[in-house]
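Trainee: Could we go through this model together, one question at a time?
Mentor: Happy to! Have a look at it first.

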Amino acid sequence: MLRHEPISQQISDRRPRVVIVGAGFAGLSAAKRLSKAPVDITLIDRENHHLFQPLLYQVATAGLSPAEIAWPIRGLVRNQRNTRVLLGAVTGIDAVSKRVIMANQKITYDVLVLATGATHGYFGNNSWAAHAPGLKTIDDATEIRRRLLLAFERAEMESDTRERERLLTIVIVGGGPTGVEMAGAVVELARKALAADFRTIDPRQTHVLLVDSGLRLLSSFPKPLSRHTEQALRRIGVDIRLGQAVTHCSATGVMLGDESVAAGTVIWAAGITASPAADWLAVADDRVGRVLVGPDLQPPGMGDVFVIGDTALAHDVDGKPLPGIAPVAKQQGAYVAKAIKARLAGKAAPPPFRYRDCGLLATVGRKTAVIAFGQLQFKGWFAWWIWGIAHIYFLISLRNRLIVMTQWLWSYVSFERGARLITGMRTKSDL
């Protein structure tokens, strides 16, 4: 194994400085694991909260409120005396002088951990973002919620039949877990929670269209689970179009090849683009901008930099790219903390990172889910309960676990969606 020079020998007059950029699953995991290490940690994020992204779609569909799946970063590390938190955006890295560049200051590091995540990818058509918001942040979720609920309000006041049908057409682009879960949740919102709230329109007539350019939904799952997912969505009324790519997106709908689909709301769940970390470091990346890292989660030739989470393209022992999911990010954060501790003590570097498979999970509406765990496959009502228990377990605080569990139980029994708030309206003309 490679033995690193102890950081404490490199620095004689102060404690080593560890800068972690990004307080998502990967960055926060690294910071928490270093809480008792003899280092000074600077944790930087452009948001003041840590977000449980797997449940973000429920905020977008009015099932949960933002505060139920997000926590202030400062509160999460308040007991870590070696950690300070900075709110701001990183704009670059000076790898020669070892400094992280922000708008008004430069932060010096001895070890840098980049966990800056990813955002929506529109395959070179960035102008589509204005018409088809993605789902990565709380602002994204509340914007989608606003658009969805406003579409029903506008349809209630619309006298033209064709325009009303357009407003009640919702297109979701992307058949991965986010797209599948959004489709099921939007159907439940329209046909259950809102069914009795309007007098002119019937929300149960809402047309939910799920589009994917691939030949099956949930392409990372085993084929039997993909088939079950497609059948379950079709049963609840989702119109699924496979093997069709969106060729244009506008304020009035989308183009699927040569076919025009008029829609009141378009939601993007089809691709990602990594943060500019590769450009900051001037290292190799893949087609979506992820930094190519070795089994030690470091770019080649950069012994003082780790790149983890959705920012990195890492591989498992079989050479397959690791998925951009929370368990991968959390395990990478823990691995990096272990590697830094080894360097502090002058010990051998830990063995190459190896992901312990925690399975793939996706819910399909209110009564079924699919789970792939190694050779084991689960589907249906039993899988739905496992999915729910797993997500409640991984929420950070007991308070949030109890709130989310109570909300879900109430929604299951009553079909209510308590977070149906339209926010972000600047003027009456928004209607």
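Trainee: Is tryptophan 385 buried, partly exposed or exposed?
Mentor: In this predicted model, tryptophan 385 lies in helix α11, residues 381-394. Its relative accessible area is 37%. Buried means under 20% and exposed over 50%, so tryptophan 385 is partly exposed.

Trainee: Which residues make the nonpolar surface patch of about 480 Å²?
Mentor: Patch members need over 30% relative accessible area, and tryptophan 385 has 37%. The patch is made by Trp381, Phe382, Trp385 and Ile389.

Trainee: Now a loop residue. How far apart are the C-alpha atoms of serine 275 and glycine 117?
Mentor: Serine 275 sits in the loop between β18 (272-274) and α9 (277-281), and at 12% relative accessibility it counts as buried. Among the residues that serine 275 touches are Thr116, Gly117 and Ala118. Serine 275 and glycine 117 are 158 residues apart along the chain, yet their C-alpha atoms are separated by 6.1 Å.

Trainee: What is the distance between the closest N and O atoms of arginine 146 and glutamate 143?
Mentor: The two are three residues apart in helix α5, so about one helical turn separates them. Arginine 146 is buried at 15%, while glutamate 143 is partly exposed at 23%. They form a salt bridge, with the closest N and O atoms 3.0 Å apart.

Notes:
Residues numbered from 1 in each chain as written. Predicted model: local features only at pLDDT ≥ 70, side-chain atom pairs only at ≥ 80, totals over all residues. Heavy atoms only, no water. Patch = residues over 30% accessible without salt bridge, like charges linked within 9 Å, V, L, I, M, F, W, Y side chains within 5 Å. Areas by Shrake-Rupley, 256 points an atom, 1.4 Å probe, with all protein chains shown as cover. Salt bridge = Lys/Arg side-chain N within 4 Å of Asp/Glu carboxyl O. Helix = DSSP H or I, 4+ residues; strand = E, 2+ residues; numbered from the N terminus. Buried < 20%, exposed > 50% of the residue type's maximum accessible area, 1.4 Å probe, protein only. Contact = heavy atoms within 4.5 Å. Lists of a residue's contacts leave out its neighbours within four places in sequence.
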